[in-house]
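User: Hi! I'd like to go through this structure with you, one question at a time. Can you help me read it?

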Amino acid sequence: MKTTIVLVGYMGAGKSTVAKLLAEKLALPIVDLDKKIEESAQMSIPTIFAKRGEAAFRKLESQVLQASLQQTGIIATGGGVVLSKTNRDLLKDAWVVFLDCQDDVLVQRIFNDGQNIRPVVQNKTAEQIKEIYQERKPFYDEVASLTIDTSCLTVDEVVQQIIQAQQTIGYLGPVNSFSFQALKQVIDHQKVVEFASIPLCIDALLKEKLDFALVPIENSLEGSVHASVDRLYDQKECYVQAEIVLPIHQQLIGYDAKQIKKILSHPQALAQCQKYIEEHFPCAFLEPVQSTTAAVLEIAQRKDKSLAAIAGKQAAKFYQVPILASNIQDNDFNQTRFWILGKKHFDTSRLTTSEQKLTLYITLPKDSPGALHKVLAAFAWRDLNLVKIESRPQKTKLGEYFFIVDLQVNRPHILYQNAIEELEALGCVVQNLGMYPVLHHS
Ligand code: S3P
């Protein structure tokens, strides 16, 4: 996340209002250039214009801008800051948000505020105010890293767009993978970065090169995606921010069903279509690749009729390879759970869900009879509903495991906290991956 954000835009665009809320949400200091100018000149802006003239004001404006850009925080500029070429060159090195707006709305706001507070528009007609806006617009465009048309947005929505535009989410690519389909359900303005493998994606998050990572966690036919669940063991850097449940329909993609000798796909997808493959292509060689989409890409590049891929419809459409058989997964209820991981809160407010879960990784004390029973009892007597339990090797020596426990969150939160404390008192190591909303998509 960039720590200096400069807001530019015409008079009445809402720069100061947006800056205030943005600074509050990001816990960053706010710098209001006009206020700084007034402080340094010890008089109001209309007085500076009247006594010293506009040129003197612009000089002060440049000095204050230059000094403010050295600091971190949210900088609200005055509408005319972009008039100077020197200022524009300075702004090009910063992350600048242009708060644009329909000129009618701007004029209305300027009239509502009273024209006396802004000497540039004093005694000007609506048409003249619009002309000045048109003259300046190319300058705002020139310095903007992000432009938001605020005409129909609330201040909250503008702030949310700015925050999202600064966030980066990694996913198991390429574009059109199932992870990408899940991602599309929950992102608005964030930047997305594709990764060739799940561990690479999670590692980038752990190294703070990403704000969030979206990875598959479990498939209804094939169970846990071990590359994801195991990589999350024994770390304190990422938590589950949201779960997305996506129906998965697999397609056989290639050029000629009669000539197929080899089928390429992600191991999970090959396993999800085991029955179909055994029935229709019992002699085909199965080649696991990094992702279902990578399999289609390979087929599209090689144009080899003896090859086929198993992947989603979107991948076939994207790479223009025919679908030879549809919905070949072993049952129609094939679904995959994906997690959005990160340290920060991921905003899912535009999607409604009442379902919430909690995931814990629990390591039992060594050689203790009935230890798992005691763990389950801590949940049972509090009436906490266990929706999944699975053991995974600790990857130390044979016989050492940790347990992945998912609980439905429908009871007072204090009960979950107390259960964790009880488990710790029993000698368990509890890694809390967090409480998160569960979003279903059809
Ligand atoms: C100006 C805009 C004002 C203030 C000064 C000049 C301009 O700030 O800097 O009156 O030339 O557009 P706001 O854009 O915050 O009104």
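This is a predicted model: local features need pLDDT of at least 70, side-chain atom pairs count only at pLDDT 80 or more; totals for chains, interfaces and linings use all residues.

User: In which sense do β12 and β13 pair, and over how many bridges?
Analyst: β12 and β13 are joined by four bridges. In one of these strand pairings, Leu264 stands opposite Glu287 in β13. The sense of the β12 and β13 pairing is parallel, and the number of bridges is four.

User: What is the order of the strands in the open sheet with mixed pairing?
Analyst: Start at the edges: β13 (285-288) and β15 (323-325) each have a single partner strand, so one side of each is left without a neighbour in the sheet. From one strand to the next, the twist averages 35°. Five strands make up this open sheet, and the order is β13-β12-β14-β11-β15.

User: Which residue of β14 is the bridge partner of Ile263?
Analyst: Let's look at how the strands line up. Strand β12 (residues 262-265) and strand β14 (residues 307-311) run parallel, with three bridges joining them. In β14, the partner of Ile263 is Ala308.

User: At about what angle to β14 does helix α14 run?
Analyst: Helix α14 covers residues 292-302 and lies across β11 (251-254), β12 and β14. Its direction relative to β14 is at about 150°.

User: What about the open sheet with parallel pairing: which strands stand at its edges?
Analyst: Five strands form that open sheet, in the order β2-β3-β1-β4-β5. On average, neighbouring strands here are turned by 20° against each other, direction ignored. A strand at the edge has a single partner strand, so one of its sides is left without a neighbour in the sheet, and that goes for β2 (30-32) and β5 (146-149).

User: Which residue in β3 is the bridge partner of Ile30?
Analyst: β2 and strand β3 (residues 73-76) pair in the parallel sense, over three bridges. In β3, the residue bridged to Ile30 is Ile74.

User: And which strands does helix α1 lie across?
Analyst: Helix α1 is made of residues 15-26. Its run is at about 175° to β3. The strands it lies across are β1 (4-8), β2, β3 and β4 (95-100).

User: Are α3 and α4 parallel or oblique to each other?
Analyst: Two packed helices are described by the angle between their axes and the distance between the axes. For helix α3 (residues 45-52) and helix α4 (residues 54-68), the axes come within 7 Å and cross at roughly 130°. α3 and α4 are therefore oblique.

User: How many residues in the contact of α3 with α4 are charged?
Analyst: On the α3 side you find Ile45, Ile48, Phe49 and Arg52, and on the α4 side Glu54, Ala56, Phe57, Arg58 and Leu60. Six of the contact residues are nonpolar and no residue is polar. The number of charged ones is three.

User: Now the ligand: how far is its oxygen atom from an N or O atom in the side chain of Arg58?
Analyst: Among the 13 residues around the ligand, Lys15, Arg58, Gly79, Arg118 and Arg136 come nearest. The side chain of Lys15 has an N or O atom 2.8 Å from an oxygen atom of the ligand, and Gly80 has a backbone N or O atom 3.1 Å from one. For the side chain of Arg58, the distance is 2.7 Å.

User: Where is Gln42 found?
Analyst: Gln42 is a residue other than glycine, yet its phi has a positive value, near 55°. Its place is the loop between α2 (33-41) and α3.

Key
Residues are numbered from 1 along each chain as its sequence is written. Side-chain values use heavy atoms; hydrogens and water are left out. Axes are lines fitted to C-alpha atoms, for helices over the stretch in contact, and angles run from 0 to 180 degrees between N-to-C directions. Helices (H or I, at least four residues) and strands (E, at least two) are DSSP runs, numbered from the N terminus. Angles under 35 degrees count as roughly parallel, over 145 as roughly antiparallel, 65 to 115 as roughly perpendicular and the rest as oblique. Contact means heavy atoms within 4.5 Å. Ala, Val, Leu, Ile, Met, Phe, Trp, Tyr, Cys and Pro count as nonpolar, Asp, Glu, Lys and Arg as charged, and the others, Gly among them, as polar. Two strands pair if DSSP finds at least two bridges between them. A residue is near a molecule or strand if one of its heavy atoms lies within 4 Å of it. A polar contact is a pair of N or O atoms within 3.5 Å; within protein, one must be able to donate a hydrogen and the other to accept it, and residues adjacent in sequence count only if both atoms are side-chain atoms.
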